[in-house]
Amino acid sequence: MTMQKAVSNAQESIVSLAESVVLSIKSEEVQSAICPNGLISPRWWGKLLWDFLVMFLVLMDATVLPYQLTFKSNDDPDDFDAAWLWITTLVFGLDVVISFNTAVEATEKDLQVAPGSLILDRRVIAKKYLRGWFTIDFGSTVPWSQLAELLTAGEDSGSTQLTRLTKVVKFVRLLRLMRMLRLAKLGAIWERIEARIGSIFFVQCVALIRVLLVVIGICHWNACIFWLVGLPRNLISELLDDDLQEQYLNSPHWTTVWRVTEPQADAWRWIDRPMAEKYVFCFYWTLGVMRTMPAEVTPVNLPERLFVLIFMFFALSAFAICVSLITQAFFKISDRRRAFNEELAAVRMHLQKTAVEEPIQLKVKAYLRYIFDRRRIQAKEANLLNILPEELKLQVRRSQMRMYLQKIPLMRELEWDSF
């Protein structure tokens with residue numbers, strides 16, 4: 001009787017486990033499929049790749065645009081500028097359309113839908129998007145400068161309105177930088193990617209690369225602003241009245257100061273140097289200011305001195321924070337391995353002092369390395385998983401058994417209707 005009860009309990013456990021596996025498989029299929037009503041699932045891997053493409057273009061646009069507004073401000077747009085503008089406009093515009101046609105995951109604020117489930121009502125999706133990211137997406141996608149040029153194409157070139165509008169055309173292009181606010185979504189996207197990667201080492205390497213990219217971004221932006229401040233005519237001065245423009249134009253600037261690097265060489269100015277050399281120097285100068293003050297160039301007027309003063313205060317803290325983050329990210333890459341090696345060395349010394357035989361020592365070290373690689377020890381996730389409720393722990397264990405049960409031919413043929 002006891003044996004039959006044990007067998008019955010075992011059968012119930014197997015059925016319950018199989019049922020949870022089938023539910024998990026069905027859930028995963030939903031995540032990778034197109035939702036009803038022609039909506040795109042936000043959990044679909046294709047949508048994930050699209051979001052990363054958009055984020056990549058946002059970062060690239062935030063890199064290209066300040067370069068265009070500063071180093072190429074006095075030049076006519078070339079083929080790259082025109083192609084880049086319309087490529088980003090097309091992709092960002094398509095992203096707006098996709099956002100209206102993508103299902104939304106319900107939150108705790110959605111009382112009529114369970115949190116975590118997908119909202120498939122198009123009216124609710126449109127209302128959420130219009131109240132959320134639509135204003136930023138639309139305002140940063142429209143090519144305002146091109147529209148302003150079209151509107152002023154037939155105006156009299158001497159009119160006051162045309163002159164005023166021409167001054168703000170370049171400044172309006174900065175609205176495209178509002179797209180940077182979409183980077184707030186990158187955290188949620190990265191969580192989904194991180195869950196699929198399953199590698200702590202890769203995540204820590206990405207954290208290190210991210211800090212380095214932040215430093216490069218700071219240097220790039222300041223290089224562009226430093227060149228902009230040094231120009232006799234720039235985006236800011238064009239917004240001033242005629243008298244202030246003339247006064248600023250006639251004042252000295254670090255880009256127009258004549259320099260002689262060698263006794264027999266001709267004098268030259270930075271404003272006359274090739275564009276690539278200008279950018280490289282401004283980038284180098286910015287990186288130097290984050291550590292000390294480079295001697296090659298010094299500010300020669302009040303706006304330049306104010307800018308350098310403000311940036312030096314910012315660079316003092318930014319450089320210290322970045323160095324600290326780089327150090328932490330670098331040590332985190334090998335922190336777990338280093339801690340395990342120290343404990344393993346202590347175990348090895350203990351075994352030697354207590355005269356344990358060499359074959360047994362090798363078995364002990366091999367076993368400890370095995371459970372370390374399997375994350376049975378020195379695993380940070382174990383502390384959080386241990387505080388879960390028993391029911392939730394059981395669900396986690398059942399889900400973890402899925403990949404093993406899927407290898408059994410019988411489990412592959414199971415259908416939901418059989419339960």
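Trainee: Why is E390 called exposed?
Mentor: Exposed means over 50% relative accessible area, buried under 20%, and partly exposed in between, using a 1.4 Å probe and protein chains only. E390 has 56% relative accessibility, so E390 counts as exposed. Do keep in mind that this is a predicted model, where local features need pLDDT of at least 70, side-chain atom pairs count only at pLDDT 80 or more, and totals for chains, interfaces and linings use all residues. Residues are numbered from 1 along each chain as its sequence is written, and side-chain values use heavy atoms, with hydrogens and water left out.

Trainee: What makes K393 and E390 a salt bridge?
Mentor: The term needs a side-chain nitrogen of Lys or Arg within 4 Å of a carboxyl oxygen of Asp or Glu. For K393 and E390 the N to O value is 3.7 Å, and the pair is a salt bridge. K393 is buried, because its relative accessible area is 18%.

Trainee: Where do K393 and E390 lie?
Mentor: Both are in helix α16 (residues 390-400), 3 residues apart, about one turn of the helix. Helices here are DSSP runs (H or I, at least four residues), numbered from the N terminus. An α-helix has 3.6 residues a turn, so residues three or four places apart point the same way.

Trainee: Which residue forms a salt bridge with D335?
Mentor: That is R338, with the closest N and O atoms 3.0 Å apart. D335 and R338 both lie in helix α13 (residues 335-353), again 3 residues apart. D335, at 34%, is partly exposed, and R338, at 32%, is partly exposed too.

Trainee: Why does K72 count as buried?
Mentor: Its relative accessibility is 13%, so K72 counts as buried. K72 forms a salt bridge with D78, the closest N and O atoms being 2.9 Å apart, while D78, at 33%, counts as partly exposed. K72, D78 and D81 are linked in a network of salt bridges. The count comes to 9 salt bridges.

Trainee: How do you know that the span of α12 agrees with its number of residues?
Mentor: The expected span is 1.5 Å times one less than the number of residues. For the 32 residues of α12 (residues 302-333) that should be 46 Å, and the end C-alpha atoms are 46 Å apart, so the two agree.

Trainee: Which residue caps the N-terminal end of α12?
Mentor: N301 does, with a side-chain oxygen 2.9 Å from the backbone nitrogen of E304.

How values were computed: Helix = DSSP H or I, 4+ residues; strand = E, 2+ residues; numbered from the N terminus. Polar contact = N/O pair within 3.5 Å; in protein donor to acceptor, adjacent residues only side chain to side chain.
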